[in-house]
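Subject: Structure for your review

Dear colleague,

Please find the structure below, handed over for your work. My findings follow directly after it.

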Amino acid sequence: MACPLCDDTGWRPMEVDGVRRVVRCDCWKRDATMRLLEQAHVPRRYQHCTLDSFTAYNERLALAVDHARRLVEQGPLAERGLLLLGPPGVGKTHVSVGVLRELVLRYGLRGLFYDTRDLLRVIRSTYDPSVHTTEPEVLRPVIDAQVLVLDDLGAEKTSEWVDETLNLIVNSRYSGRRLTLLTSNYPDTGDLAEPDSLRARIGFRMYSRLLEMCEPVHLDGLDYREPRPPNADDAESLRTEWEARKSALKKLPSRTSAQARARLRAARLQTPAEPLDVKWPGGRAGS
Ligand SMILES: [Zn+2]
């Protein structure tokens, strides 16, 4: 059905002081915002995620939502994004998508969502001569987006190329004072020799840059992807279940084997410290 106000032209006639003018119709503004939201490329499984639909059933989660809402209130004036840390399935992606949505809907910001591994895969694919997308065509929107979500940082297989590519993105966004939200399953243990810490996964240089750009927020809770009793979906029963399982969760063994830890630790310790200015490595993919 055509818009009754503008007949789908996007322009609505209006009379101001006896002079007939046209102004943008609300339907156009709504459509433009929806287009912006589509262009943010939030994966289908997260498209329903809003801050209002997030159940914060413990203190950490409530604090995370507070941080998220504060950032949304500041909007384009916000100086720092968020670095959402915590185990898999606690809702880090939900919160980051919630912020992205609000910033797009409320302020009309150009937003973009990428899973870190997907982004690296897409960039790497541009080195294939049969792919007709160039590296700058992929990187430019990532660097220029007014708000970027990089999901699941640290899960990528590390290599010199990965380090350089991520550093380029992060440093460019830092220089451009662009708002960035990142999520990671890797904890901030503060121990560089611990291969499972985020610092060890992404390197100290990038880690300290991220802390300049983002407020670190630690989430903890139940894994959303685990099966639950059918009634355990309201805040109260989630809180009860969380309390009951908190101590048990702490006793779980680390998911990295001792052998893998030792290998990663050795690899990290051999990497020398590099200077802060990053030169783009050019179009050659590592492993
Ligand atoms: Zn209209």
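**A pair within helix α4**

D118 and R121 both lie in helix α4 (residues 116-125), and because they are 3 residues apart there, about one helical turn separates them. Their side chains meet in a salt bridge, with an N to O distance of 3.4 Å. D118 is partly exposed, its relative accessible area being 33%. Please note that the model is a predicted one.

**Other salt bridges**

The structure holds 11 salt bridges. One of them joins R69 and D52, whose side chains meet at 3.2 Å, N to O. R69 belongs to helix α2 (residues 59-74) and D52 to the loop between α1 and α2, so this pair ties together parts that are 17 residues apart in sequence. The two partners may be set side by side in terms of accessibility: R69 is partly exposed, with a relative accessible area of 37%, whereas D52 counts as exposed at 66% relative accessibility.

A further salt bridge is formed by the side chains of E215 and R80, at 2.9 Å from N to O. This pair links distant parts of the chain, since E215 is in strand β7 (residues 214-218) and R80 is in the loop between α2 and β3 (81-85), 135 residues apart. E215 is partly exposed, with a relative accessible area of 28%, and R80 likewise counts as partly exposed, at 32% relative accessibility.

**The zinc site**

Which residues coordinate the zinc ion? The SG atoms of C3, C6, C25 and C27 do so, at 2.2 to 2.3 Å. The site is tetrahedral, with angles of 102 to 114° among the 4 donor atoms. Along the chain, the donors follow the spacing C-x2-C-x18-C-x1-C.

With kind regards

Terms used
Residues are numbered from 1 along each chain as its sequence is written. This is a predicted model: local features need pLDDT of at least 70, side-chain atom pairs count only at pLDDT 80 or more; totals for chains, interfaces and linings use all residues. Side-chain values use heavy atoms; hydrogens and water are left out. Donors are N, O and S atoms within 2.8 Å of the metal (3.2 Å for Na, K and Ca); water is not among the atoms, so sites may look incomplete. Four donors count as tetrahedral if all angles lie between 85 and 135 degrees; four count as square planar and six as octahedral if opposite donors are over 155 degrees apart and all others between 65 and 115; anything else is irregular. A salt bridge is a side-chain nitrogen of Lys or Arg within 4 Å of a carboxyl oxygen of Asp or Glu. Helices (H or I, at least four residues) and strands (E, at least two) are DSSP runs, numbered from the N terminus. Buried means under 20% relative accessible area, exposed over 50%, partly exposed in between (1.4 Å probe, protein chains only).
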